[in-house]
Amino acid sequence: MTLKQRTLGKDSPLTVSELGLGCMGMSEFYGTADEADAVATIHRALDLGVTFLDTADMYGPFTNERLVGKAIAGRRDEVVLATKFGNERNPDGSWVGINGRPEYVRAAAEASLQRLGVDHLDLYYQHRVDKAVPIEETVGAMAELVEAGKVRHLGLSEASAETIRRAHAVHAVTALQSEYSLFTRDLEDEILPVLRELGIGLVPYSPLGRGILTGRVDLGTEVGDARRQRFPRFQGEAYDANLELVAKVQELAESKGVTSGQLALAWVLAQGDDVAPIPGTKRVEYLEENVASAAVELTQDDLDALDKAVPAGAVQGARYADMSTIDR
């Protein structure tokens, strides 16, 4: 199959593959990783038309950008490359904090360009909003990178409606990257309407609910999988209740002859042509399964059945144990 293209942003439009690839788990958080498998997965993604690749300086930290850079060497022209700054970490992985100071923006971008081995970034996100620095100052520094030719388009991640408006007034914002899936729909009330009003695209991360919507998550099998520690939705009674919701999605998926993960991704894709999810995986087989979701056609009856199976707000547990870095 051939993946379609979607356009993010109206004032600063960027054309991307309708499905992207989140590369974070290739380096950290979701268990052990193998560089050869990761590179093979990225190469297979490009061959399948998944050309929208997502990384960040804090993944690893720093190692994920080097991995992506290695994988796209010689194929840079095929790739829409997105990375992020703002979650500052030390080389040993320890946490420094959220940093949106202009001087840090400039230094972080230069470091990302070097690690990725490229001369420009197609999409550069502020990974988290620094509440101690006016968004106008941060985006002003990001805009300078556009003027210098080092960045083509600007994005925000997990920003509130007010922050999005203020940022967009300084420089056109092409995309917002925030968590969005059948399991996480809190964008729908206020943020999605603002994105559509301003002509800003949405790039959902964790469109499979951090894997739970695939029905294959086993938190006891892989060393280094941090989901049970970091995310209340994967803990105790909340996890058990959420698995019951997944079972309902699986039942609907079986009736359509697809996997629950494919049905969940198809639901995200059905939310609008300005939505380009970035499911993450480090394995070719799961990448190929995800790509096949783009061919799953959902009727209004299908969408209604999914809304009934997983009503907005039905998922138990907070998205993060510490929600203080989320701009709301």
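Mentor: Let us begin with a definition: a residue is called buried under 20% relative accessible area, exposed over 50%, and partly exposed in between. Please keep in mind that the model is predicted.

Trainee: Does Glu103 count as buried, partly exposed or exposed?

Mentor: The relative accessibility of Glu103 is 46%. Buried requires a value under 20% and exposed a value over 50%. Therefore Glu103 counts as partly exposed.

Trainee: Which residue forms a salt bridge with Arg101?

Mentor: Side chains of opposite charge can pair when their charged atoms come close. For Arg101, the closest N and O atoms of the pair are 3.3 Å apart. Arg101 itself is partly exposed, with a relative accessible area of 41%. The partner in this salt bridge is Glu103.

Trainee: How many residues apart are Arg89 and Glu28, whose side chains meet in a salt bridge?

Mentor: The N to O distance in this salt bridge is 2.8 Å. Arg89 belongs to strand 6, while Glu28 lies in the loop between strand 3 and helix 1. The pair thus links distant parts of the chain, and the separation is 61 residues.

Trainee: Is Arg89 buried or exposed?

Mentor: The cut-off for buried is under 20% relative accessible area. Arg89 has a relative accessible area of 12%, so Arg89 is buried.

Trainee: Which helix holds Glu136, the partner of Arg166 in a salt bridge?

Mentor: The side chains of Arg166 and Glu136 meet at 2.9 Å, N to O. Arg166 is in helix 5, and the two residues are 30 residues apart. Glu136 is in helix 4.

Trainee: What is the volume of the largest cavity?

Mentor: Rolling a probe the size of a water molecule over the atoms shows where empty space is left. A search of the whole structure finds 2 cavities of 30 Å³ or more. The lining of the largest cavity has 4 nonpolar, 2 polar and 4 charged residues. Its volume is about 70 Å³.

Trainee: Which element gives the largest share of the lining of the second largest cavity?

Mentor: The second largest cavity has a volume of about 40 Å³, and its lining has 6 nonpolar, 2 polar and no charged residues. The elements that give two or more residues to this lining are strand 3 and helix 10. The largest share, 3 residues, comes from helix 10.

Definitions and conventions:
Residues are numbered from 1 along each chain as its sequence is written. This is a predicted model: local features need pLDDT of at least 70, side-chain atom pairs count only at pLDDT 80 or more; totals for chains, interfaces and linings use all residues. Side-chain values use heavy atoms; hydrogens and water are left out. On a 1 Å grid over the protein atoms alone, a cavity is a set of points where a 1.4 Å probe fits but cannot get out, and a pocket is an open set with protein on both sides within 12 Å along at least five of seven lines; lining residues have an atom within 4 Å of a point. Grid points are joined across faces, edges and corners, and a volume is the space filled by probe spheres set on the points. Ala, Val, Leu, Ile, Met, Phe, Trp, Tyr, Cys and Pro count as nonpolar, Asp, Glu, Lys and Arg as charged, and the others, Gly among them, as polar. Helices (H or I, at least four residues) and strands (E, at least two) are DSSP runs, numbered from the N terminus. A salt bridge is a side-chain nitrogen of Lys or Arg within 4 Å of a carboxyl oxygen of Asp or Glu. Buried means under 20% relative accessible area, exposed over 50%, partly exposed in between (1.4 Å probe, protein chains only).
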